[in-house]
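Work through these exercises with the sequence and the 3D view side by side. Try each task before reading its solution.

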Amino acid sequence: MEDADTQAFTPRPRHQARKMPWRRAYAMRLWFSDVLVLVWTVYGTQLLWFGWGNAQVAIRADSRFDEFSYWAFSALLVIAWMAALALSDSRDHRVIGAGSAEYVRVARASFSLFGVIAILAFLVRVDVARGYLLIALPLGVVTLITERWLWRQWLVAHRKSGEYSARVLLVGSRESVREIAQELQRSPSAGYYVVGACVPAGGPRGTVVGNGVPIMGEVDDLDAAIAATSADTIAVTSTDDLPAAKVKQISWRLEPGRQHLVLAPRIVDIAGPRIHTRPVAGLPLIHVETPRFTRGQAFLKRGFDLVASAMLLLLLSPLFVAIAATIALSCGMPVLYRQQRIGRNGVPFSMLKFRSMTAGADSQLSTLLATQGAGDAPLFKIRDDPRVTPVGRVLRKYSLDELPQLVNVLDGSMSLVGPRPQVAAEVALYSDAAKRRLLARPGITGLWQVSGRSSTTWEEAVKLDLYYVENWTLAGDALILAKTVGAVLAPGQTAH
């Protein structure tokens with residue numbers, strides 16, 4: 001006789017007719033566009049390097065092959081490149097839509113492929129034109145990542161309305177469901193659309209407070225809840241009220257390949273590189289590494305700041321001259337504005353900006369803050385500031401007034417990317433958690449600037465800055481800088 005638990009957790013019947021799952025459909029889109037990009041890149045490089053002639057790969061005399069056309073070699077290169085992208089799981093639904101893992105896998109697969117080609121060419125004594133490979137590799141990586149980025153913008157736009165997302169049914173206590181739902185709803189681009197929740201016995205049906213997530217019943221009602229919500233992902237948010245056997249039985253009832261089980265511990269604001277899962281004695285232990293900023297990372301970040309800021313100062317020098325002349329002619333001198341801000345470890349420094357306000361603007365600040373009721377929060381932002389000059393409004397809208405801070409980056413008081421530096425009066429209002437912002441060099445741009453700018457609340461800004469400080473990567477800096485360019489060119493209503 002079967003035990004009661006086995007009878008209660010019978011597998012759900014498979015549907016005979018279903019449309020293609022969104023994960024597979026999106027992967028096919030990526031596959032076809034990858035093919036088009038690589039054909040254009042590889043054959044375009046061939047035509048650029050060899051022209052329309054029938055160029056031959058140089059094969060040594062003692063080889064078994066007499067000749068090999070570059071037209072055929074390019075075809076093999078496209079096939080091998082596609083195979084490398086597939087083997088690296090660069091189209092896996094776990095990495096698409098958010099984060100840098102997708103781009104890292106594309107780049108890693110491409111560089112690995114060309115490394116293999118170089119080794120094979122040496123072993124079989126084939127001399128492939130170096131210029132052909134040196135153009136095809138970086139061009140291919142750039143075009144592939146650009147293509148993937150464009151598809152990601154399309155995907156994110158659809159995910160905001162709940163499409164092309166995992167339909168998540170949360171299982172756990174009411175409090176854990178509320179917290180996880182809040183975090184998932186905060187980032188729809190991650191692709192997890194919460195459709196309902198099942199909570200342990202004893203609680204009334206209704207919606208989770210503050211999130212609008214419907215409670216579909218108790219844990220034993222999971223089958224009916226999945227059918228009612230069309231959920232394809234079950235996220236266990238807490239196991240306090242769920243025995244280990246119950247979690248295992250939940251996984252048994254899911255349809256392989258179409259439905260997924262996710263364990264969602266109540267740990268937030270921790271980046272992937274700091275999390276490692278290690279099975280020990282049948283327990284899936286999650287290791288969360290302590291935030292570290294090694295000497296190597298510090299050297300890498302400082303080196304990047306020095307090279308990038310020097311290049312930007314050189315390239316933008318004509319723009320500096322034009323802005324300075326405009327300010328001098330319209331508003332008079334001085335052109336630059338210096339203000340003391342608090343930097344890393346609480347050390348003050350003089351931050352440079354192009355002057356965007358009238359003379360004596362600082363003396364009017366306290367009155368304006370009192371008028372707008374904004375003086376009791378560390379994020380002092382005044383809307384429709386009467387002290388800003390007409391030229392200053394344009395400079396501020398497109399963040400051109402921040403350009404002189406490249407000099408601060410060169411002298412080491414600032415970084416290109418980091419928490420925004422604030423004045424001493426604002427720092428005095430910091431909580432203990434907010435003081436951790438001072439562990440890193442302040443930046444010209446940062447995570448909160450590309451996540452809403454002036455529309456962000458102080459609590460959200462602190463949360464974003466702490467996430468940056470504790471999870472820094474060079475790839476993350478590059479992504480923030482790329483987003484900054486978009487925020488500057490299209491500032492919308494969040495810049496003032």
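**Exercise 1. Two helices side by side**

At what angle do helix 2 and helix 5 pack, and how far apart are their axes?

Solution. First, know the source. This is a predicted model, in which local features need pLDDT of at least 70, side-chain atom pairs count only at pLDDT 80 or more, and totals for chains, interfaces and linings use all residues. Residues are numbered from 1 along each chain as its sequence is written, and side-chain values use heavy atoms, with hydrogens and water left out.

Step 1. Find the helices. Helices (H or I, at least four residues) and strands (E, at least two) are DSSP runs, numbered from the N terminus. Helix 2 covers 22-50 and helix 5 covers 130-159.

Step 2. Read the geometry. The angle between helix 2 and helix 5 is about 150°, and their axes are 9 Å apart. Axes are lines fitted to C-alpha atoms, for helices over the stretch in contact, and angles run from 0 to 180 degrees between N-to-C directions.

Step 3. Classify the angle. Under 35 degrees counts as roughly parallel, over 145 as roughly antiparallel, 65 to 115 as roughly perpendicular and the rest as oblique. Helix 2 is therefore roughly antiparallel to helix 5.

Step 4. Sort the residues of the contact. Helix 2 and helix 5 meet through 18 nonpolar, seven polar and six charged residues. Here Ala, Val, Leu, Ile, Met, Phe, Trp, Tyr, Cys and Pro count as nonpolar, Asp, Glu, Lys and Arg as charged, and the others, Gly among them, as polar.

**Exercise 2. A second pair**

Describe how helix 3 packs against helix 4, and name the residues that meet.

Solution. Step 1. Helix 3 and helix 4 pack at about 135°, with axes 9 Å apart.

Step 1. List the partners. Leu77, Ala80, Trp81, Ala84 and Leu85 in helix 3 meet Val106, Ala109, Ser110, Leu113, Phe114 and Ile117 in helix 4. Contact means heavy atoms within 4.5 Å.

Step 2. Sort them. This contact of helix 3 with helix 4 has ten nonpolar residues, one polar and no charged.

**Exercise 3. The nonpolar core**

Which residues touch the most other members of the largest nonpolar core?

Solution. Step 1. Define the set. A nonpolar core is a set of buried Ala, Val, Leu, Ile, Met, Phe, Trp, Tyr and Cys residues joined through side-chain atoms within 4.5 Å. Buried means under 20% relative accessible area, exposed over 50%, and partly exposed in between (1.4 Å probe, protein chains only).

Step 1. Pick out the members. The largest core has 25 residues, and Leu77, Trp81, Phe114 and Tyr132 touch the most other members.

Step 2. Trace the elements. Helix 2, helix 3 (70-87), helix 4 (101-123) and helix 5 each give two or more residues to this core. Helix 3 gives the largest share, eight residues.

Step 3. Zoom in on Phe114. Leaving aside neighbours within four places in sequence, Phe114 is in contact with Leu77, Trp81, Leu133, Ala136 and Leu137.

Step 4. Look elsewhere. Another core of 23 residues lies apart from this one, with Ala308, Val409, Leu447 and Val469 among them.

**Exercise 4. Positive phi**

Asp89 and Ser399 are not glycines, yet each has a positive phi. Where is each found, and is each buried or partly exposed?

Solution. Step 1. Asp89 has a phi of about 55°. Asp89 sits in the loop between helix 3 and helix 4. Its relative accessibility is 41%, so Asp89 counts as partly exposed.

Step 1. Ser399 has a phi of about 60°. Ser399 sits in the loop between helix 12 (390-397) and helix 13 (405-411). Its relative accessibility is 18%, so Ser399 counts as buried.

**Exercise 5. Distances and totals**

How far apart in space are the C-alpha atoms of Ser69 and Gly53?

Solution. Step 1. Ser69 lies in the loop between strand 1 (58-59) and helix 3. Ser69 is buried, at 16% relative accessible area.

Step 1. Ser69 and Gly53 are 16 residues apart in sequence, and their C-alpha atoms are 10.0 Å apart.

Step 2. Now try Ala101, in helix 4. The C-alpha atoms of Ala101 and Ser90, eleven residues apart along the chain, are separated by 8.3 Å.

Step 3. Finish with the whole chain. The protein chain has 16 helices and 13 strands. Of its 496 residues, 41% are buried.
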